[in-house]
Amino acid sequence: QVQLVESGGGLVQAGGSLRLSCAASGRSFSSYAMAWFRQGPGKEREFVAASWIGASTYYADSVKGRYTISRDNAKNTVYLQMNSLKPEDTAVYYCAAALHLKSWTDVASYNYWGQGTQVTVSS
């Protein structure tokens, strides 16, 4: 069983930056694929970024070049550095974990979810 707790959300102006953190409990953190999803108002939850074995990372086209996912296996924590934020990045951001990843981007591939943290980007 894995429990995920996100932090670091908030209100920022367009062009600004935020760093989200997701602290995981449980063992074998390094074995899990870790990802960030987001859900904007009236929208479906969508994939943002993921990190898996070694340095493998994968990003949605909408955030590529602006967001960076990283993980510290010693601290059981995954981060999402968000730069050049846009109003359309406004959403609740969720951390997710998968032990046997079938698809980077599919919500159903992830077994564990955090409660979410709100990110609001003002214009």
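Is C95 buried or exposed, and at what relative accessibility? At 0% relative accessibility, C95 counts as buried, where buried means under 20% relative accessible area, exposed over 50%, and partly exposed in between (1.4 Å probe, protein chains only).

## Basis of the description

This is a predicted model, in which local features need pLDDT of at least 70 and side-chain atom pairs count only at pLDDT 80 or more, whereas totals for chains, interfaces and linings use all residues. Residues are numbered from 1 along each chain as its sequence is written, and side-chain values use heavy atoms, with hydrogens and water left out.

## The disulfide

The structure holds one disulfide, a term for a pair of cysteine sulfur atoms within 2.5 Å. C22 is joined to C95, with an S to S distance of 2.1 Å. The link is left-handed, with -80 degrees about the S-S bond. It connects distant parts of the chain: C22 belongs to strand β3 (residues 18-24) and C95 to strand β9, 73 residues apart. Strands (E, at least two residues) and helices (H or I, at least four) are DSSP runs, numbered from the N terminus. C22 also counts as buried, at 0% relative accessibility.

## Aromatic pairs

Eight aromatic pairs are found in a search of the whole structure. Rings of Phe, Tyr and Trp (its six-membered ring) pair if their centres lie within 6.5 Å; planes under 30 degrees apart count as stacked, over 60 as edge-to-face and the rest as tilted. The ring centres of F37 and Y110 are 5.2 Å apart and the planes stand at 75 degrees, so this pair is edge-to-face. Because F37 lies in strand β4 (residues 33-39) and Y110 in the loop between β9 (91-98) and β10 (112-113), the pair ties together parts that are 73 residues apart in sequence. Both F37 and Y110 are buried.

W52 and W104 form another edge-to-face pair, at 6.3 Å centre to centre and 85 degrees between the planes. W52 is in the loop between β5 (46-51) and β6 (57-59), and W104 is in the loop between β9 and β10, 52 residues apart. W52 counts as partly exposed at 23% relative accessibility, and W104 likewise at 24%. Ring pairs link F37, F47, W52, Y58, W104, Y110 and W113 into a cluster.

## A charge over two rings

A charge sits over a ring if NZ of Lys or CZ of Arg is within 6 Å of the ring centre and within 35 degrees of the ring normal. The charged end of R45 sits over the ring of Y94, 3.7 Å from its centre. The charged end of R45 also sits over the ring of W113, a member of the aromatic cluster, at 4.9 Å from the ring centre.

## Salt bridges

Four salt bridges are present in the structure, each a side-chain nitrogen of Lys or Arg within 4 Å of a carboxyl oxygen of Asp or Glu. One of them joins D61 to K64, the closest N and O atoms being 3.1 Å apart. D61 is exposed, with a relative accessible area of 66%.

D89 forms a salt bridge with R38, with the closest N and O atoms 2.9 Å apart. D89 is in the loop between β8 (77-82) and β9, and R38 is in strand β4, 51 residues apart. Both of these residues are buried. D89 also forms a salt bridge with R66, with the closest N and O atoms 2.8 Å apart. R66 lies in the loop between β6 and β7 (67-72), 23 residues from D89, and is likewise buried. Salt bridges that share partners join R38, E46, R66 and D89 into one network.
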